[in-house]
Amino acid sequence: MRELALVNRDKAEYLKGALRRAGCSIPFQAPTFNEFVVTLKADVESLRRKLLAEGIIGGLPLKRFYPEMEREMLVCVTELNTKAEIDYFAEALQEVSA
């Protein structure tokens, strides 16, 4: 279990770095396990639909629960996500956020 937890944490940290390089913001600097909030420059719903059309669950738009969080979504990484999938997700966010 410990090894699995470390893998999840490491993948989340890898994704955070990739998203920052893609121009996204990570608004909360609290410790995370495998999910965290990201702020986008683009419309969250448009991005979610684009990714879903490609078979990727892109994240949970938070506006529905927190109306002031119009550009935030909750993303999650697990041991099942490959580096290639994580990189692809970050690239998709960069394209939409540009």
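Colleague: What percentage of the 98 residues count as buried?

Modeller: 37% of them count as buried. Buried means under 20% relative accessible area, exposed means over 50%, and partly exposed is in between, with a 1.4 Å probe and protein chains only. Keep in mind that this is a predicted model, where local features need pLDDT of at least 70 and side-chain atom pairs count only at pLDDT 80 or more, while totals for chains, interfaces and linings use all residues. Residues are numbered from 1 along each chain as its sequence is written, and side-chain values use heavy atoms, with hydrogens and water left out.

Colleague: OK, and how many helices and strands are there?

Modeller: Three helices and three strands, in the order α-β-α-β-β-α along the sequence. Those are DSSP runs numbered from the N terminus: helices are H or I with at least four residues, strands are E with at least two.

Colleague: How does the radius of gyration compare with the globule rule?

Modeller: The radius of gyration is 13 Å, close to the 13 Å the rule gives for 98 residues, so the protein is as compact as a globular protein of that length. That radius is taken over C-alpha atoms, and the rule is 2.2 Å times the number of residues to the power 0.38. The C-alpha trace spans about 35 × 25 × 20 Å along its principal axes.

Colleague: Switching to charges: how many salt bridges does the structure hold?

Modeller: Six, where a salt bridge is a side-chain nitrogen of Lys or Arg within 4 Å of a carboxyl oxygen of Asp or Glu. One of them joins Arg9 and Asp10 at 2.7 Å, N to O. Arg9 is partly exposed at 35% relative accessibility, and Asp10 is partly exposed at 40%.

Colleague: What about Lys16, is that residue buried or exposed?

Modeller: Lys16 is buried, at 5% relative accessible area. Its salt bridge partner is Glu13, 3.2 Å away from N to O, and Glu13 is partly exposed at 38%. Both sit in helix H1 (residues 2-21), three residues apart, about one turn of the helix.

Colleague: Last one: which residues lie nearest the centre of the largest pocket?

Modeller: Ile56, Ile57, Cys76, Asn81 and Phe89, out of 14 lining residues. Strand S3 (72-76) and helix H3 (83-97) are the elements that give two or more residues to the lining, and H3 has the largest share, with four.

Colleague: What volume does that largest pocket have?

Modeller: About 330 Å³. Grid points are joined across faces, edges and corners, and the volume is the space filled by probe spheres set on them. A pocket here, on a 1 Å grid over the protein atoms alone, is an open set of points where a 1.4 Å probe fits, with protein on both sides within 12 Å along at least five of seven lines; lining residues have an atom within 4 Å of a point.
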